[in-house]
Amino acid sequence: MQIKHKLILWFSSLVAGLLLIFSVYVYSTYASFRQRSIEDRLERKARVTEQLLTLRGSVAGSVITSMPEQAEYVFSPADSLIYESQQTSDFVASPAFRQRVRRERLVRFQYESNGHLYPKDGVALTYAGVSPDPTGRVYVAVVTAYDQDGYQRQRNLRDLFILGNIVAIGLVILVGYFFSRQALRPLNNLIGQLQRPVTNQPFRLQPDNPRDEVGVLAQAFNELLTRQERLVENQRSFIAQASHELRTPLTTIKGWLETSVLYDTDIDSLRRGMMQAITELDKLTALSNGLLQLARIDGVDAQIDRQSLELVDIVLDAADTLGQQRPGQSLSVELSDGMLEQPMPVTIWGNAQLLRTALLNLLDNAAKYSDNRPVTLCLEMDTEDRARIRIEDRGIGLAPGEEDRVLLPLVRGSNVQTIGGFGIGLTLAYRIISLHGGQLQLRPRPGGGTIADILLPIQSV
């Protein structure tokens with residue numbers, strides 16, 4: 001079901017429900033008013049009979065009838081019928097009924113009558129008369145009538161409500177249709193834009209009003225489209241660069257093997273060619289492992305294994321691993337006073353293995369591109385809610401403007417010259433840190449080299 005049809009249905013149902021409640025309330029109120037009105041008139045008629053009996057001592061002649069099918073009955077204290085206005089009657093006052101009237105003094109009642117669509121109304125009451133009975137028994141007067149006018153007005157009111165509600169609901173459906181079309185016009189405009197033929201021009205939604213809900217939706221869609229286009233472009237670039245990087249060692253391996261098969265005639269030459277092929281295979285394996293790690297990080301989500309980690313332990317573990325991999329590398333580890341003065345160990349929420357991988361990649365880059373010059377690793381508090389890890393090297397640094405570019409996969413600095421690498425380590429570190437809600441920023445170090453700033457949110461105590 002379309003949204004406009006749901007709007008019409010909900011709006012019509014709401015209005016119909018309100019109209020029905022209002023109609024039932026008014027109709028029931030009028031029915032109660034009609035009932036009270038006829039009962040009051042019948043009671044007044046019974047009081048008139050009481051006054052005649054009180055003045056004359058008996059009911060003589062006939063009482064004036066002013067209501068349709070009005071009938072009156074008077075029973076003596078001895079419970080005998082002493083007066084009836086009509087010889088034939090559709091109401092029978094049984095002894096049990098008369099006893100009830102004497103007990104309750106005033107009884108209002110209704111009863112079914114043949115030939116009538118609605119019940120008749122009646123009132124019965126007691127009075128003492130001129131000469132009260134020594135035993136305390138009283139007279140009983142009963143008055144009945146058929147409220148023909150009241151029932152007719154009630155029936156007219158019912159028909160009016162039925163017809164009025166049908167007409168009103170029809171108008172509501174019609175108005176709701178135009179209202180829903182008007183309300184959904186901005187959304188239909190966006191749908192029309194999406195259904196247009198595809199062109200070579202960049203596609204963006206153009207909302208009628210950028211500030212309403214549809215405009216916000218269009219803006220969010222455009223931002224999503226921009227990110228998707230950027231992702232597709234990055235994937236194309238990544239695939240092209242990965243293909244090139246993978247093709248280079250494969251071509252080299254093939255060249256060495258063909259040379260060994262065709263030209264190497266002695267064991268030493270053959271061994272030398274095989275060693276070169278093995279070296280290129282090692283590079284290919286390292287590149288493949290890096291690409292797999294990068295693909296694994298790109299596909300990871302918030303369901304990675306996370307736990308509370310002490311940041312100092314992660315930093316010291318990465319520094320120790322670098323010392324094992326590069327025994328001759330000078331690495332200085334510093335902890336700021338703000339970090340040491342914390343009342344509780346600084347902890348973060350994350351994955352220990354991924355964070356160690358990110359820090360180790362950055363430390364390895366710092367050592368590799370600084371020709372084993374001293375590297376500084378500093379851990380400090382940036383704000384109350386964020387820690388900073390700073391890695392400084394004194395190497396060749398980055399060319400101006402390449403700070404963000406080298407974070408892309410398989411992209412290396414323009415001044416790396418003959419230093420080996422694939423352009424994966426920085427990208428991997430950047431995405432791991434982003435996955436932990438942090439930031440990685442590269443900037444030149446005064447005096448030469450590069451500073452890598454890592455900002456990580458810490459857990460509140």
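Asp382 is partly exposed, with a relative accessible area of 24%, where partly exposed covers the range between buried (under 20% relative accessible area) and exposed (over 50%), for a 1.4 Å probe and protein chains only. Its partner Arg388 is buried, at a relative accessible area of 17%, and the two form a salt bridge, a term that stands for a side-chain nitrogen of Lys or Arg within 4 Å of a carboxyl oxygen of Asp or Glu.

The model is predicted, so that local features need pLDDT of at least 70 and side-chain atom pairs count only at pLDDT 80 or more, while totals for chains, interfaces and linings use all residues. Residues are numbered from 1 along each chain as its sequence is written, and side-chain values use heavy atoms, with hydrogens and water left out.

A search of the whole structure gives 21 salt bridges, and the table lists some of them.

| Asp382 | Arg388 | 2.6 Å |

Asp453 and Arg388 are both buried. A network of salt bridges links Asp382, Arg388 and Asp453 with Glu380, Arg386, Arg390, Glu392, Arg443 and Arg445.

Strand 4 itself is largely enclosed by the rest of the structure, because eight of its eight residues are buried. Lys120, Gly122, Ala124 and Thr126 point one way from strand 4, whereas Asp121, Val123, Leu125 and Tyr127 point the other way. On pairing, which requires that DSSP finds at least two bridges between two strands, strand 4 is antiparallel to strand 3 (residues 106–111) over six bridges, and Gln110 stands opposite Asp121. Strand 4 also pairs in the antiparallel sense with strand 5 (residues 139–145) over seven bridges, where Val140 is the bridge partner of Thr126.

Conventions
Helices (H or I, at least four residues) and strands (E, at least two) are DSSP runs, numbered from the N terminus.
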